[in-house]
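Take a look at the model below.

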Amino acid sequence: MVVLPVRFERSPRLHPMLSEEVHAVGTRVVVQGKRGPEVATVRGEAGEAKQNERYGAVLRRATPEDLERWEELHRTGEDLKWLLRARARERGLPVKLVAVEFTLDESLVTVSYSADERIELTGLIGEVREHTRARVNFAAIGPREQAQMIGALGACGRENCSSTHLQDFAPVSIRMARDQQLPLNPEKLSGPCGRLLCCLQFEHTQYQDLLRDLPRKNAKVCHTGSGACGKVTKLHPLAGTVDVYTDQGMLLGVPASELRRASETEARSADHRSADA
């Protein structure tokens, strides 16, 4: 037995599946997942199974009949999605129906939806049952999962990270934006999902390393070359420089390596001059 990483249609996340045979990357296979049999694509090389790990299973290479059936169920799901959206509007339900997905044996249909508050959707089960005998499961998803399933363009002009390669949604904080010296503008820091950009985390550890070699903002420092002292007003981690507003009212861009921490006397003198001004 080997382990094959496979990817489902609506998510870039890789799922390890046990397989009795090796399938080449790009092969469409039928797998037994948590919801039931589904079609997935092999997206990586075969590996060894680990002890105490739980895996799904690759049942077989997808046949033309499997793929034809899968496409038919996909079209049925799309039709049902638009029907349910219309019925939800008629009933005044504050919900967005994101996707309707069948298992390959049509034993289960999963209706993924997004809502700002807890909402009861069992009234829509009858609408689904008119078109399929499958068991109906309503699954609430968050804004990030919604953007992942639908897909969108990010501020960089490329498809959003959650739809292309992210394996997990790591926590993102406003501190990451502060460390990268970005303007704290919600419109510029938010992705299509309305949450903080996932990409803020990509380089955060590098910025943390760079910031360790820089003085803190508002720290009192002196330039070793000119002897001018002042307050740090802005940091430039990538360049390794800081902006210093000197006691003489000048703004200097200075390499951090040419600065030293002001002594208590120098700092107190600078505070008095600032108060007098």
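Which residues does Val95 touch, not counting residues up to four places away in sequence? They are Ala88, Tyr113, Ser114, Ala115, Ile119 and Leu121. Keep in mind that this is a predicted model.

Val95 belongs to the largest nonpolar core, which has 17 residues. Together with Leu84, Leu97 and Val109, Val95 touches the most other members. Helix 1 supplies the largest share, four residues. A second core is separate and has ten residues. Leu214, Val221, Leu235 and Val242 are among them.

Now the annotation. UniProt, in an unreviewed entry, places the feature "domain: PSP1 C-terminal" at residues 56-141. Over residues 56-141 the chain is 37% helix and 30% strand. The C-alpha atoms at the ends of this stretch are 22 Å apart.

Next, the cysteines. The structure holds one disulfide. Cys222 and Cys229 form it, with their sulfur atoms 1.9 Å apart. The link is right-handed, with 100° about the S-S bond. Both Cys222 and Cys229 are buried.

The cut-off for a disulfide is 2.5 Å. Cys193 counts as buried because its relative accessible area is 19%, and the limit is under 20%. Cys198 is buried too, at 13% relative accessibility.

Notes: Residues numbered from 1 in each chain as written. Predicted model: local features only at pLDDT ≥ 70, side-chain atom pairs only at ≥ 80, totals over all residues. Heavy atoms only, no water. Core = buried A, V, L, I, M, F, W, Y, C linked by side-chain atoms within 4.5 Å. Buried < 20%, exposed > 50% of the residue type's maximum accessible area, 1.4 Å probe, protein only. Helix = DSSP H or I, 4+ residues; strand = E, 2+ residues; numbered from the N terminus. Contact = heavy atoms within 4.5 Å. UniProt positions renumbered as here; feature names shortened; annotations may be inferred.
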